[in-house]
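Subject: A structure for you to look at

Hello,

Here is the structure I promised to pass on, with some notes on what I found in it. Have a look around first, then read on.

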Amino acid sequence: MIETLVFLVFAGLAVGSALLVVLHRNPVYSTVSLVVTLVSIAVLFVLLGAPFIGALQVLVYTGAIVVLFLFVVMLLNIGREEIAGERSLLQKGAAAAGAGIFLLMGAGLLWRQTSSVTLDELSPELVSLRALAGELFARYLLTFELVGLLLLVAVIAATVLAARTRPGERLSLDRPFAAEVDDEPSRPAAAEER
Amino acid sequence: MVPISWYLLLAALLFAIGTVGALTRRNGITIFLSIELMLNSVNLTLIAYSRLLGDHTGQLVVLFVLAVAAAEAAVGLALFIAVFRHRRTIDLNRVNLLRW
Amino acid sequence: MVFDLIATLIKLGVFLGLFLGLVAPIMVWVERKAAGLFQDRPGPNRLGPFGLFQPLADALKFFFKEDVTPAAADRPLFLIAPALAVLPALTTFVFLPFGPDVEVGGRVVPLIVADASAGVLLFLAIASLSVYSLVLAGYGSNNKYSLLGGLRASAQLISYELAMTLAVVAVLIPVASFHLGDVVAAQQRMWNVVPQAIGFLVFLVAAFAETNRLPFDLPEAESELVAGFHTEYSAMRFASFFMSEYVSMTTLSALAATLYLGGWSLFGLPEWAAARMAGLLGPHWLWMGLFGLTVLMAKVALFMFFYVWVRWTFPRFRYDQLMRLGWKVLLPLALVNVIWVAAATLAGWL
């Protein structure tokens with residue numbers, strides 16, 4: 001009974017803040033609403049017997065990724081979106097498409113689930129960290145290593161993409177962060193570009 | 001006991017909301033946020049099925065999805081910064097040099 | 001079920017009342033008095049003996065000051081930021097143990113408010129939410145100094161969070177559990193600070209950066225950014241930021257004490273003392289909790305004094321120096337520590 005209550009509260013919170021993410025004009029509010037959504041979903045993870053994944057969701061997703069979003073929004077000073085009239089037809093079409101997708105998926109799911117599927121009690125095996133880690137480092141070891149490699153590539157890519165170059169100058173491989181190097185201080189164009 | 005179909009319906013609803021957001025908004029950051037919302041709905045589905053089937057695979061795939069989302073967010077935001085430097089806008093209707 | 005609820009509420013009350021409720025007033029006095037003495041001046045000495053009533057005067061001042069909200073500020077975000085600062089600070093302590101499992105009327109009660117198997121992970125997760133108060137305060141104030149402070153805070157906090165988490169991971173490798181009670185139990189022979197001194201150093205520096213304390217207090221730098229992200233806040237809202245900084249210092253110090261200095265344990269001393277006192281003046285669990293809490297508070301007091309000492313000794317880091325330190329020095333050091341601990345655990349030394 002408590003489980004149902006917790007589910008309803010946090011599911012409602014998740015849906016409400018998801019709507020805010022999508023509909024609010026100010027990107028900062030969208031980002032903050034995404035934080036609320038992510039925390040609600042983390043609670044639902046805990047309810048589903050994955051407390052470590054829930055904690056990791058809060059730690060990684062809300063604690064780092066969304067902070068990065070906020071950082072970029074504030075750095076670029078992205079303002080509120082202007083309302084344009086031409087948006088309405090596209091908006092209605094997209095909303096209809098979205099509702100259609102939901103209805104199709106929902107109907108399909110419910111059709112399959114009508115044969116009453118009873119959930120087993122939450123076994124300590126499922127929740128335990130030891131079992132999770134055992135499977136991660138046994139069956140999914142290769143995937144784990146590849147994901148590490150992916151993250152490394154992402155770090156390099158992000159650093160290179162966001163590095164500053166003066167106009168007309170290209171990033172060269174031997175000096176990838178050329179904009180940081182303090183050369184040719186007497187160039188007037190450089191001072192003007194800053 | 002909450003039936004598993006409730007979780008799956010919730011995930012479907014969040015996915016639909018995310019899709020509407022990704023298709024409708026002009027602000028690049030908001031589109032990105034909607035995509036993250038869709039990724040999270042998929043995570044919820046995976047964990048729900050992991051619970052239903054008593055298998056850890058769903059939870060582990062969510063772990064990988066989390067890492068991939070982090071990588072994607074980092075690179076995507078770096079791209080936004082680079083685009084913003086040149087075009088001074090994030091409005092995706094105006095970043096349209098490759099449009100027909 | 002009801003018994004557990006009552007036990008949790010009592011533990012919560014003890015922690016909130018003794019531990020956290022007294023922190024802010026005591027720390028205000030300690031900070032100002034120590035600042036004075038480090039700078040070769042007496043510090044507060046007018047209000048009561050040794051200026052001990054200074055925190056009272058400060059609290060009264062905060063109550064009666066006018067609460068100003070900038071006209072063009074983003075009101076919801078501006079108003080929610082101080083509350084958002086206090087929430088993670090006041091929540092993370094629930095995962096810290098202040099004693100072993102004790103027996104109360106035939107039932108085993110762990111001396112932790114929230115006995116979660118993912119204790120440390122949840123602690124770090126909730127602590128990572130403290131970034132948002134700084135960022136939203138910076139953005140909502142509609143003030144360029146606040147915005148800069150908020151930007152710096154966000155980048156600083158997530159960078160140092162990485163090194164801190166790696167240091168914590170190294171502590172958990174020999175213990176093979178996220179539960180802080182197990183971490184304390186594993187330090188009965190030797191405190192973790194001895195084999196993992198590098199990790200301790202990394203954690204300490206990262207804790208300074210996480211709480212925005214000098215030498216890492218660029219987000220609120222007084223000489224550079226007026227007052228950084230809390231420029232536009234006055235009276236009770238500023239007091240919220242102020243208090244949340246001290247409370248998060250306390251909880252991070254308690255985590256450091258639990259991870260590296262043995263937490264509530266002192267090589268069997270609290271248990272021995274509790275066994276002596278039990279039956280004389282009260283039940284065993286009461287004395288065990290009391291002594292464990294006292295040992296933990298003593299270690300936290302050491303850390304808090306260290307925080308104050310460092311603040312009034314070192315100059316502030318420049319922003320690029322700060323980021324360089326976090327990514328190019330602390331992160332490699334933390335990785336080296338993890339590799340060393342993993343190798344030592346495999347070899348059976350730890």
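Let's begin with the chains. Two pairs of chains touch, and the pair with the most contacts is A and B, where a contact means heavy atoms within 4.5 Å. Chains B and C share no contact, and their closest C-alpha atoms are 13 Å apart.

Before going further, a word on how to read this. The model is predicted, so local features need pLDDT of at least 70 and side-chain atom pairs count only at pLDDT 80 or more, while totals for chains, interfaces and linings use all residues. Residues are numbered from 1 along each chain as its sequence is written, chains are lettered from A and ligands numbered from 1 in the order in which they are written, and side-chain values use heavy atoms, with hydrogens and water left out.

Now chain A. It has eight helices and zero strands; here helices (H or I, at least four residues) and strands (E, at least two) are DSSP runs, numbered from the N terminus. Of its 194 residues, 35% count as buried, and buried means under 20% relative accessible area, with exposed over 50% and partly exposed in between (1.4 Å probe, protein chains only). The accessible surface of chain A is about 11300 Å², and carbon and sulfur atoms hold 68% of that; such areas come from the Shrake-Rupley method with a 1.4 Å probe, and for residues only the protein chains shown count as cover. Among the contacts in chain A with a separation of 6 or more, 50% come from residues 24 or more positions apart.

Which residues does V28(A) touch? Leaving out residues up to four places away in sequence, V28(A) touches L70(A) and V73(A), along with L77(C), L136(C) and Y139(C). V28(A) sits in helix α2 (residues 27–47) of chain A, and it counts as buried because its relative accessibility is 0%.

On the chain C side, you can find D74(C) in the loop between α3 (54–64) and α4. D74(C) counts as buried because its relative accessibility is 18%.

Next, a helix pair across two chains. Helix α6 (residues 129–138) of chain A packs against helix α3 (residues 57–87) of chain B at an angle of about 65°, with axes 10 Å apart. Axes are lines fitted to C-alpha atoms, for helices over the stretch in contact, and angles run from 0 to 180 degrees between N-to-C directions. That angle makes α6(A) roughly perpendicular to α3(B), since 65 to 115 degrees counts as roughly perpendicular, under 35 as roughly parallel, over 145 as roughly antiparallel and the rest as oblique. In this contact, L132(A), E135(A) and L136(A) meet T57(B), Q59(B), L60(B), L63(B) and F64(B).

Chain C has a helix pair too. Helix α7 (residues 144–175) and helix α13 (residues 319–347) of chain C pack at about 10°, with axes 8 Å apart. That makes α7(C) roughly parallel to α13(C).

Finally, look at helix α1 (residues 2–21) of chain C, whose buried residues are A7(C), K11(C), F15(C), F19(C) and L20(C). Their cover includes α2 (23–38), α4 (75–91), β2 (107–109), α10 (235–260) and α12 (284–311) of chain C.

Enjoy exploring!
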